[in-house]
Amino acid sequence: MFCSKCGKEQQEGSRFCAQCGQEIGKHAASSTVPQKKSGLQDFGEMAARTAAESVKSQTRSQISRVVGDIFRTIFKR
Ligand SMILES: [Zn+2]
């Protein structure tokens with residue numbers, strides 16, 4: 001599961017984001033990580049959309065940073 005606000009990956013069972021304090025699962029309807037799905041690209045698009053939504057009032061460079069964090073998290077595995 002990933003934070004819906006900052007995109008940080010969360011430990012299973014966490015109620016609040018360790019990074020920004022956002023309540024995990026508050027907007028979790030579509031943020032469940034499709035771990036069994038092999039389509040990394042699909043997930044990347046979803047993550048980018050989620051990040052863009054969560055920071056849509058902020059600047060594009062901040063969006064890029066959040067998306068970058070998400071991708072680093074993915075490829076670290
Ligand atoms: Zn967060």
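The protein has two helices and zero strands, where helices (H or I, at least four residues) and strands (E, at least two) are DSSP runs numbered from the N terminus. This is a predicted model, in which local features need pLDDT of at least 70, side-chain atom pairs count only at pLDDT 80 or more, and totals for chains, interfaces and linings use all residues. Residues are numbered from 1 along each chain as its sequence is written.

- Of the 77 residues, 17% count as buried, that is, with 20 or more other C-beta atoms, placed from the backbone, within 10 Å of their own.

**Contacts**
- Among contacts (C-beta atoms, placed from the backbone, within 7 Å) between residues at least 6 apart in sequence, 31% join residues at least 24 apart.
- Cysteine 17, leaving aside neighbours within four places in sequence, is in contact with Cys3, Lys5, Cys6, Lys8, Gln10, Gln22 and Ile24.

**Helix packing**
- The axes of α1 and α2 are 9 Å apart, and the helices pack at an angle of about 145°; axes are lines fitted to C-alpha atoms over the stretch in contact, and angles run from 0 to 180 degrees between N-to-C directions.
- On the α1 side, the contact is made by Leu40, Gly44, Ala47, Ala48, Ala51 and Ala52, and on the α2 side by Ile63, Val66, Val67, Ile70, Phe71 and Ile74.

Key:
Buried ≥ 20, exposed ≤ 12 C-beta atoms within 10 Å, placed from the backbone. Contact = placed C-beta atoms within 7 Å.
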